[in-house]
Amino acid sequence: MILVGAIGVVVKRNPVHAALSLVLTLFGIAVLFVAQQAEFLAAVQVIVYAGAIVVLVLFVIMLLGVDRAEDLRTDALVGQRGLAVVVGVGLLGVLSAAIVRGTDAVVTRSAEGIAIGTVEAPDTNITQIARSVFADHVVAFELTSVLLVVAVVGTVLLSRRRPSDVRPVSGRPS
Amino acid sequence: MCARFLAGRHDRLFSVIGLVIVPTPMWYLLLSALLFTIGAVGVLVRRNPLVMFMCIELMLNAVNLTFVTLGRRLGSIDGQTIVLFVLVVAAAEVVIGLSIVISIMRRRSGANIDDLAELKG
């Protein structure tokens, strides 16, 4: 199901359909988060990704009116499609080889680690994340707040239409 | 290596506990590698900037899945903390990127990434 959604993002010609396929993939990943005892992240995933980000993307698609189908049959550059497939297969091969080779290390290391999420209270996940975010990584947390403020201010500056340069939408820049 | 991989006790893709088939971390990691590859190919192939953003989201989600899997496997909560930060950065990135796309599209009518080559030196 996840892979169907992911392939749908790439091959759907209409951007709206691609966004809805992305929702399918994001929900599937949220389910996998639940299966791995990361319930808080699953909730955040559904709210932030499937809620906010996809709605934002759909809003921009509707606003710009670019929801016409894209012609996927012609290459923009000569041989771009074939090169992309070659790069994809190579990347997949490298990643799979790394995973297969690295599994031994992971299994050996995890024998010494603490088995989390097996016999714990239901809210332990949130408690652990809160302790990790607000105690161990508090500087990074403050930096993300700075990043969000910068993003909001930058977005407002970028998308604000100054009253001095009101021009027709179809006008060409000089 | 492949024979050892197939015969290894820890390397199976699924483990059976009772009647339930439980995917192992190996399965999660391979799935996220596949998702990352699909996203990367999508960025390379598609020419609509919005669809390219969606493919970047796909790659970020694949990395998130890897973080959660390995964090659980290593018994550490830091993987999930990093995923939280990645979510925040992804949200900021999408907002900035979409506003840039809007401000470009307001001046030009083309929705194609190849039309944006006018800064070419």
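The views below come from a predicted model.

**View 1. Helix 6 of chain A packs on helix 4 of chain B at an angle of about 10 degrees.** Chain A contributes Ala140(A), Thr144(A), Leu147(A), Leu148(A), Ala151(A), Gly154(A), Thr155(A), Leu158(A) and Ser159(A). From chain B come Phe85(B), Val88(B), Val89(B), Ala92(B), Val95(B), Ile96(B), Ser99(B), Ile100(B), Ile102(B) and Ser103(B).

**View 2. Ile102(B) sits in helix 4 of chain B.** Is Ile102(B) buried or partly exposed? Ile102(B) has 15 other C-beta atoms within 10 Å, so it is partly exposed. Setting aside neighbours within four places in sequence, Ile102(B) contacts Val60(A), Leu64(A) and Ser159(A).

**View 3. Helix 3 and helix 4 of chain B cross at roughly 175 degrees.** Helix 3 spans residues 49-73, and helix 4 spans residues 78-107. Their axes come within 9 Å. The two helices of chain B are therefore roughly antiparallel to each other. On the helix 3 side, the contact residues include Pro49(B), Phe53(B), Leu60(B), Val63(B), Phe67(B) and Leu70(B). Among those on the helix 4 side are Asp78(B), Ile82(B), Val86(B), Ala90(B), Val94(B) and Val101(B). The contact of helix 3 with helix 4 in chain B has 14 nonpolar, 5 polar and 2 charged residues.

**View 4. Chain B touches chain A through 67 residues of its own.** On the chain A side, 69 residues take part. Helix 2 (25-45), helix 3 and helix 4 of chain B each supply at least two residues to the chain B side. Which of the helices of chain B gives the most to the side that touches chain A? Helix 4 does, with 23 residues. The chain B side divides into 44 nonpolar, 13 polar and 10 charged residues.

**View 5. Helix 5 of chain A has buried residues along one face.** Helix 5 covers residues 124-136 of chain A, 13 residues in total. From first C-alpha to last, helix 5 reaches 17 Å, close to the 18 Å expected at 1.5 Å a residue. Asn125(A), Ile129(A) and Ser132(A) are buried. Seen down the axis of helix 5 of chain A, the buried residues fall within an arc of 65 degrees, so they line one face of the helix. What do the buried residues of helix 5 of chain A pack against? They pack against helix 3 (39-64) of chain A together with helix 4 of chain B. Arg131(A), Phe134(A) and Ala135(A) are exposed, on the face of helix 5 turned away from its buried side.

**View 6. Chain B comprises 4 helices and 2 strands.** Along the sequence, the pattern of chain B is α-β-β-α-α-α. Chain B has 121 residues, of which 42% count as buried. Of the contacts in chain B with a separation of 6 or more, 36% join residues 24 or more positions apart.

How values were computed: Residues numbered from 1 in each chain as written. Chains lettered and ligands numbered in written order. Predicted model: local features only at pLDDT ≥ 70, side-chain atom pairs only at ≥ 80, totals over all residues. Axes fitted to C-alpha atoms, helices over the stretch in contact; angles between N-to-C directions. Parallel < 35°, antiparallel > 145°, perpendicular 65-115°, else oblique. Contact = placed C-beta atoms within 7 Å. Nonpolar A, V, L, I, M, F, W, Y, C, P; charged D, E, K, R; others polar. Buried ≥ 20, exposed ≤ 12 C-beta atoms within 10 Å, placed from the backbone. Expected span 1.5 Å × (residues − 1). Arc of directions from axis to C-beta.
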